[in-house]
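Subject: Structure handover

Hello,

Please find the structure below, for you to look through. My notes on it follow.

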Amino acid sequence: MSASAVHSLWTTAATAADPISKIDTPKIEYGQLSPTLIVVGAAIAGVLVEAFVPRKYRYHAQLILSTAALIVAFVAVVMLAADGYGTTKARIAAMGAIAVDGPALFLQGTILLAALVGLFTFAERRLDPEAHGTRVDSFAAQAASVPGSESEQAAVKAGFTTTEVFPLLLFAVAGMLVFPSANDLLTLFIALEVFSLPLYLLCALARRKRLMSQEAAVKYFLLGAFASAFTLFGIALLYGYAGSVSYGTIAQVVDGTVQNVNPALADTMGNDALLLVGAALIVMGLLFKVGAVPFHMWTPDVYQGAPTPVTGFMAAATKVAAFGALLRLLYVVLPGLRWDWRPVMWGVAIITMLGGAIVAITQTDIKRLLAYSSIAHAGFILAGVIATTPDGVSSVLFYLAAYSFVTIGAFAVVTLVRDAGGEATHLSKWAGLGRRSPLVAAVFAVFLLAFAGIPLTSGFAGKFAVFKAAAEGGAAPLVVVGVISSAIAAFFYIRVIVLMFFSEPRPDGPTVAVPSPLTVMAIGVGVAVTLVLGVAPQYFLDLANQAGVFVR
């Protein structure tokens with residue numbers, strides 16, 4: 001039989017059995033997706049800059065492009081919020097893939113501001129002494145060269161710098177903007193990969209301690225790949241359960257209110273085993289990203305090994321994006337499963353708060369100490385997630401905004417304390433820093449007090465908000481554990497302050513580098529936000545309150 005005859009038989013059969021409906025033209029609301037599109041466009045432009053702009057102009061071109069993109073994207077978020085898309089006009093855009101609502105816009109604004117402050121630390125080029133007459137930053141001269149090899153030495157001698165970090169940062173930010181606003185499971189997974197892959201690369205690019213940096217990146221990549229695999233398997237199971245990857249449809253199947261059942265999936269729909277295992281696997285993937293115990297093993301090694309500007313950006317922005325996605329999943333897709341997921345989350349929150357605080361006491365490296373501190377903070381934020389009330393959502397949003405700026409500021413200060421080998425991160429070297437450089441030590445003390453939750457800092461306002469929401473949501477025992485964990489954590493924060501101000505400086509101690517205005521701005525913004533949110537938090541709490549309603 002000829003090919004044309006087979007083809008005509010096939011098309012006739014298809015038409016007879018089931019008239020093929022026309023594929024609808026995709027309807028994309030470009031205005032509502034503009035913050036993400038601006039950042040993606042700038043990231044692609046950054047790749048073209050690397051390809052076509054002469055090497056000596058690339059740093060300034062990338063810095064201007066990245067800064068402009070983040071500012072314009074933030075303005076777009078503010079305009080969308082002012083236009084009512086966070087409240088009355090909240091909607092599902094991009095054919096059901098993206099939610100444009102209060103939590104999404106609030107978290108996107110926070111991510112963009114945190115990325116902008118993080119970008120200033122990426123661009124710092126005055127901390128290391130000049131190499132062969134050129135200023136150098138925190139990143140490897142040539143990422144592809146083997147550490148210590150002749151090609152690396154030649155790259156350093158030629159004054160090369162890795163300006164690819166700027167488009168990588170923008171691609172990571174683009175994924176983070178989509179992650180908390182994703183309204184179906186496939187969009188969620190794609191966003192997860194889009195922001196994870198640039199971070200794996202950025203972790204490997206430290207100029208000093210390159211082997212340690214590459215080890216951190218490999219650990220992060222391997223564990224991240226496992227977590228992504230669990231998430232993808234969970235998505236497959238939830239699709240089998242509900243016959244859809246859309247958040248709204250899955251929620252309807254969970255509640256038993258679904259209307260149109262696909263006959264091909266009628267047998268598996270409503271199979272609770274698929275629902276429970278699938279939901280557990282996806283939540284596990286998200287808990288890995290926020291660094292909750294027992295999925296936290298990557299955090300200390302990666303925070304210590306990655307270039308410090310990357311650590312600060314990652315610690316702040318990844319938490320914001322991942323907690324946003326976790327909130328949307330639990331509050332929009334699985335509210336009908338509340339009695340199943342709440343007890344598990346109770347357990348995770350308790351071991352995360354206590355585990356992070358207790359293990360941090362034993363740390364002797366400042367970056368590892370801040371890593372375990374971030375694990376404890378993930379536990380505090382989970383207390384707000386468990387509240388399952390509108391106040392729970394708004395308290396988590398406020399805490400994430402407050403925490404992100406303190407974190408970037410603290411890591412920016414860490415980049416300033418240096419000895420002959422680069423950053424001096426061992427705690428013993430920070431002894432007497434308050435006498436040698438009172439201003440830097442005082443600023444770091446402000447950040448540590450904010451982490452500890454001392455009144456008149458943003459940390460106190462954030463902790464008070466999440467604990468109040470948890471108590472009102474029926475999780476009072478969790479608040480007791482949280483307060484005990486905070487007391488344990490306060491011990492090691494104050495120990496560092498005592499070490500800086502009440503110890504004798506060592507004669508061979510580190511020096512404090514004089515930074516450029518970029519790092520000064522990053523630290524200044526961190527201090528300002530910490531004090532403003534601590535002294536007068538009400539306006540920002542109200543803002544988080546208005547933004548606390550998910551579109552369904």
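The structure, which is a predicted model, holds 18 aromatic pairs. One of them is formed by Phe 380 and Phe 467, with an edge-to-face arrangement: the ring centres are 6.0 Å apart and the planes stand at 85 degrees. Because Phe 380 belongs to helix H14 (residues 366-386) and Phe 467 to helix H18 (residues 458-472), this pair ties together parts that are 87 residues apart in sequence.

Helix packing

Two packed helices are described by the angle between their axes and the distance between the axes.

Helix H2 (residues 34-52) packs against helix H3 (residues 55-82) at an angle of about 170 degrees, and their axes are 8 Å apart. The angle is over 145 degrees, so H2 is roughly antiparallel to H3. On the H2 side, the residues in contact include Ile 38, Val 39, Ala 42, Ala 45 and Val 49; on the H3 side, they include Leu 65, Ala 69, Val 72, Ala 76 and Leu 80. Sorted by class, the contact of H2 with H3 has 14 nonpolar, three polar and two charged residues. Among the residues in this contact are Glu 50 in H2 and Arg 58 in H3.

Helix H8 (residues 210-242) and helix H10 (residues 272-290) cross at roughly 155 degrees, and their axes come within 7 Å. The result is that H8 is roughly antiparallel to H10. The contact of H8 with H10 has 17 nonpolar, six polar and two charged residues. The crossing of H8 past H10 is left-handed.

Helix H15 (residues 390-414) and helix H17 (residues 438-452) have axes 10 Å apart and pack at about 145 degrees. H15 also passes H17 in a left-handed crossing. From H15, Tyr 403, Val 406, Thr 407, Gly 409, Ala 410, Val 413 and Val 414 take part in the contact; from H17, Val 440, Val 443, Phe 444, Phe 447, Ala 450 and Phe 451 do. This contact of H15 with H17 has 11 nonpolar and two polar residues, and no charged ones.

A sheet

Three strands make up an open sheet, with antiparallel pairing and the order S4-S3-S5. Strand S4 (422-423) and strand S5 (511-512) are at the edges with a single partner strand each, so one side of each has no neighbour in the sheet. Strand S3 (residues 417-419) is joined to S4 by two bridges, and these two strands run antiparallel. Asp 419 has Gly 422 in S4 as its bridge partner.

Backbone points

Most residues other than glycine have a negative phi, and most peptide bonds are trans.

Ala 94 has a positive phi of about 55 degrees, although it is not a glycine. Ala 94 sits in the loop between strand S1 (91-93) and strand S2 (98-100).

The peptide bond that joins Val 293 and Pro 294 is cis, with omega about 5 degrees. Pro 294 is in the loop between H10 and helix H11 (298-305).

Regards

Notes. Residues are numbered from 1 along each chain as its sequence is written. This is a predicted model: local features need pLDDT of at least 70, side-chain atom pairs count only at pLDDT 80 or more; totals for chains, interfaces and linings use all residues. Side-chain values use heavy atoms; hydrogens and water are left out. Axes are lines fitted to C-alpha atoms, for helices over the stretch in contact, and angles run from 0 to 180 degrees between N-to-C directions. Helices (H or I, at least four residues) and strands (E, at least two) are DSSP runs, numbered from the N terminus. A crossing is left-handed if the near helix is turned anticlockwise from the far one by less than a right angle, and right-handed if clockwise. Contact means heavy atoms within 4.5 Å. Ala, Val, Leu, Ile, Met, Phe, Trp, Tyr, Cys and Pro count as nonpolar, Asp, Glu, Lys and Arg as charged, and the others, Gly among them, as polar. Two strands pair if DSSP finds at least two bridges between them. Angles under 35 degrees count as roughly parallel, over 145 as roughly antiparallel, 65 to 115 as roughly perpendicular and the rest as oblique. Rings of Phe, Tyr and Trp (its six-membered ring) pair if their centres lie within 6.5 Å; planes under 30 degrees apart count as stacked, over 60 as edge-to-face and the rest as tilted.
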